[in-house]
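Here are a few exercises to work through with the model open in your viewer. Have a go at each one before you read its solution.

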Amino acid sequence: MTGSFLNEPPVSARVQALYDEDLADGGYVWNVSKLWAHQPDTMKQLFELMSAAFTPSGLTFRQRGILVAAAASTLGDSYCSLAWGGKLGKASDPALAAGVLNGSDAGLTDQEKAMAAWARRVARDPNATTSADIQALRDCGLDDGQIFAITAFVALRLAFSTINDSLGAQPDQQLAGSLPPEVREAVTYGRPVAQAPSV
């Protein structure tokens, strides 16, 4: 069982390196890694590009987590919502992470609320954004370079989520089981958690 609609590809040196990272981090190979084993170099380059897009913003890991959680939940991506809800919960607290995932944004600063709202607009309908949306980001202290950086980052995260969701990647049982209940209960959308543990 691969945890997606695709069969797992043959294990090459690059694929094994991808799997070994997962095993070293958490003791199991993530379903999303089995999916991206079809193009491990593309996954590596995509994550490098995401980092390159976000780094010029000068923003924090917590703010990055808010952007991902807000965009993923709007898209209906359960996998990234659970993974980043967990990361955001550790960087702040589980209730705050759940608030971003369910859209209440409880516990966020005004700037973080504006960023979460922007990530949701980009995910929901990028053609519906207006100059007033950009001004709201400026008014909360972001400059135009930061606005470009967070928009590029969110768009790249959405590309990653779209590939995973389209090809049926299921959140790992171990991932879901490791999360605080507030985060798990906030994710009521997307692909269900895999029934069997990932190996």
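This is a predicted model: local features need pLDDT of at least 70, side-chain atom pairs count only at pLDDT 80 or more; totals for chains, interfaces and linings use all residues.

Residues are numbered from 1 along each chain as its sequence is written, and side-chain values use heavy atoms, with hydrogens and water left out.

**Exercise 1.** Work out which residues of helix 3 are buried and where they sit around the axis.

Step 1: Helix 3 covers residues 40-54, 15 residues in all; helices here are DSSP runs (H or I, at least four residues), numbered from the N terminus. From first C-alpha to last, helix 3 reaches 21 Å, close to the 21 Å expected at 1.5 Å a residue (the expected span is 1.5 Å times one less than the number of residues).

Step 2: list the buried residues. In helix 3 these are P40, M43, L46, M50, A53 and F54; buried means under 20% relative accessible area, exposed over 50%, and partly exposed in between, with a 1.4 Å probe and protein chains only.

Step 3: look down the axis. The buried residues of helix 3 fall within an arc of 150°, so they line one face (the arc is that of the directions from the helix axis to the C-beta atoms). On the face turned away from that buried side, you'll find the exposed residues K44 and Q45.

Step 4: find the partners. The buried residues of helix 3 pack against helix 1 (13-26), helix 2 (31-36), helix 4 (61-75) and helix 9 (144-166), with contact meaning heavy atoms within 4.5 Å.

**Exercise 2.** Describe how helix 7 and helix 9 pack.

Step 1: get the geometry. Helix 7 (residues 110-124) meets helix 9 at an angle of about 50°, and their axes are 10 Å apart.

Step 2: find the residues. Helix 7 brings M115, W118, A119, V122 and A123 to the contact, while helix 9 brings I150, T151, V154 and L158.

**Exercise 3.** What covers the buried residues of helix 4?

Step 1: list some of them. Buried residues of helix 4 include Q63, G65, I66 and L67.

Step 2: name the cover. It includes helix 3, helix 5 (78-91), helix 6, helix 7 and helix 9.

Step 3: check the end. Just after helix 4, G76 takes a positive phi of about 85°.

**Exercise 4.** Is D105 buried or exposed?

Step 1: D105 is buried, with a relative accessible area of 8%.

Key
Helices (H or I, at least four residues) and strands (E, at least two) are DSSP runs, numbered from the N terminus. Axes are lines fitted to C-alpha atoms, for helices over the stretch in contact, and angles run from 0 to 180 degrees between N-to-C directions.
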